[in-house]
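This report walks through the fold of one protein chain. It takes the sheets in turn, then the ring contacts, then the overall dimensions.

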Amino acid sequence: MDDAVSRGRDDLARLVAIPSVSAEGRCLNEAATLVRDLLDEAGFVTEIHPGSVGPFVVGTAGEGPLTVVIYNHSDVQPEGDEALWLSPPFALTERDGRLFGRGAADDKGEFASRLAGWRRFRAQQGGSLPFRLIWIVDGEEEIGSPSLDGFLAKRFAGERADLCWWEFGEIDASGRPVILCGFKGITAIELRCRTARGDLHSSYGAVYDNALWRICAAVASMRDAAGRITIDGFYEDVRAPSAAERTAALSPPFSLASVSAATGGERTLSGVDGQNFFSAMNFAPCLNVNGIGGGYHGEGAKTVLPAEAFAKLDFRLVPDQTPTRVVELVRSHLERISMADIEVIVHDAIVRPVRSDAGHWFVAACAEILETEFGRPAIVQPSSPASGTAHPFIDHLGTDVFGIGLTHHGAQLHAPNENIEIDHFERMVAASAAIFQMLARRAKSDQASF
């Protein structure tokens, strides 16, 4: 293990040890301080800016005709039930060729591998940096980055960037690196229903409606067995994929069976098979039930008519859908089916979908680097099925956004036993160093434009 990799693993252990859970406001300043210190030590000029929940760290270096933004985040999801973890969630633990801990993949491992690659690059190439690098580390990404848009508008007013290296990327089940050219948007809402002052004796079910039944009926009315969303107008704004994007999705770079093996997923939607699942991952919006509840949860029976019920939902969106428009459509749908009494609480309607040009020079250059470092041809994927708050970078900096990173299909993101593969971490350190070297060469070349 060379010095860059060893230092990178040490950085990751220090970062994982900080329980920077933005949903609970835990240790966000501590994580930002460590990130700032690490960037300081690596030669960046750093700043910390407050957000509404967590702070932003900015590190800048270099000058030149090319401006590159790297975006990461220092916050993590809640650890959940610690009994489901095989090792402490906030202690980086090595086991079976992997590193386990909350944030090991999302997103502290990505940040640590890139910073380690930066150190290796600067050790090989000292002196002035021939391009401008802006490193932005967000402290509230896991709650939808509510302050990001305003922060970018204020801190980088009038500035432009040529490209943004996004906070995550993927390695498929066969070890092939994936370059992501887009991300889905998201709308997260909660439905709440009250049908009485308090729970009633269940004999009244012959007369009065049941809050749980009503919530379940409302949810069931929004989607069919094939996963198609049945809300009027939902698909009107969906941008059809280009011919090149459709072609890229026709030949899945990994199999549905490999995804099922890695994730434990067992039941596919009606009509989804090994030939079309990848197109759905890239181009299809979807509606998910994240949680539903109300009524009696104790042992045995309790014959009551629940007075209150709730359901938490999220929609994954594709270009050109907008989260706020989806909220309007949900409210109209509930009114149309005579359920306007159900309250709609909006938890996240910020993250818009984005998709950048797969023919960008950065994609081609990185594909070559990734093939060299991973020993397998890179996959260019039109869109991640996951979401990220990338649209403010496009809105305010005019940049294209691409994801390259080390997350794998069994990484257990947002779940117990989150992990990365040690081999992937080491290879991504090398790839990151090579990407920085490529950017330096390009900035010093006679390119007409970026």
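## Ground rules

Two strands pair if DSSP finds at least two bridges between them. Helices (H or I, at least four residues) and strands (E, at least two) are DSSP runs, numbered from the N terminus. The model is predicted: local features need pLDDT of at least 70, side-chain atom pairs count only at pLDDT 80 or more, and totals for chains, interfaces and linings use all residues. Residues are numbered from 1 along each chain as its sequence is written, and side-chain values use heavy atoms, with hydrogens and water left out.

Axes here are lines fitted to C-alpha atoms, for helices over the stretch in contact, and angles run from 0 to 180 degrees between N-to-C directions.

Strand β5 (residues 98-100) joins β21 through three antiparallel bridges. Arginine 98 faces glutamate 421 of β21. Contact means heavy atoms within 4.5 Å.

## The six-stranded sheet

A second open sheet has six strands in the order β1-β2-β6-β3-β7-β19. Its pairing is mixed. The twist averages 20° from one strand to the next.

Five antiparallel bridges hold β1 to β2. Histidine 49 stands opposite phenylalanine 56 in β2. Helix α4 lies across β1, β2, β3 (67-73) and β6 (132-138). It runs at about 35° to β2.

## Strand β14 and its partners

Which strands pair with β14, and over how many bridges? Strand β10 (residues 182-194) is antiparallel to β14, with 10 bridges between them. Isoleucine 186 has arginine 316 of β14 as its bridge partner. Strand β12 (residues 286-294) is also antiparallel to β14, over eight bridges. Here glycine 291 stands opposite lysine 312 in β14.

In a regular strand the side chains alternate between the two faces of the sheet.

## Aromatic pairs

Rings of Phe, Tyr and Trp (its six-membered ring) pair if their centres lie within 6.5 Å; planes under 30 degrees apart count as stacked, over 60 as edge-to-face and the rest as tilted. The count comes to 22 aromatic pairs. Phenylalanine 56 and phenylalanine 151 are stacked, at 4.3 Å centre to centre and 5° between the planes. Phenylalanine 56 lies in strand β2 (residues 56-61) and phenylalanine 151 in helix α4 (residues 148-155), so the pair ties together parts that are 95 residues apart in sequence. Phenylalanine 56 counts as buried at 0% relative accessibility. Phenylalanine 151 counts as buried at 8%. Buried means under 20% relative accessible area, exposed over 50%, partly exposed in between (1.4 Å probe, protein chains only).

Phenylalanine 234 and phenylalanine 315 have ring centres 5.8 Å apart and planes at 35°, so this pair is tilted. Phenylalanine 234 sits in the loop between α5 (211-220) and α6 (243-250), and phenylalanine 315 in strand β14 (residues 308-317), 81 residues apart. Both are buried. Elsewhere, ring pairs link Phe44, Phe111, Trp118, Phe121, Trp135, Trp165 and Phe436 into a cluster.

## Charges over rings

A charge sits over a ring if NZ of Lys or CZ of Arg is within 6 Å of the ring centre and within 35 degrees of the ring normal. Arginine 155 has its charged end over the ring of phenylalanine 156, 4.5 Å from the centre. Arginine 228 lies over the face of tyrosine 235, at 3.9 Å from the ring centre.

## Overall dimensions

The protein has 12 helices and 21 strands. Its radius of gyration (taken over C-alpha atoms) is compared with a globule rule of 2.2 Å times the number of residues to the power 0.38. The radius is 23 Å, close to the 22 Å that the rule gives for 450 residues, so the protein is as compact as a globular protein of that length.

The C-alpha atoms fill a box of roughly 80 × 45 × 45 Å, taken along the principal axes. Of the 450 residues, 52% count as buried. Among contacts with a separation of 6 or more, 81% come from residues 24 or more positions apart.
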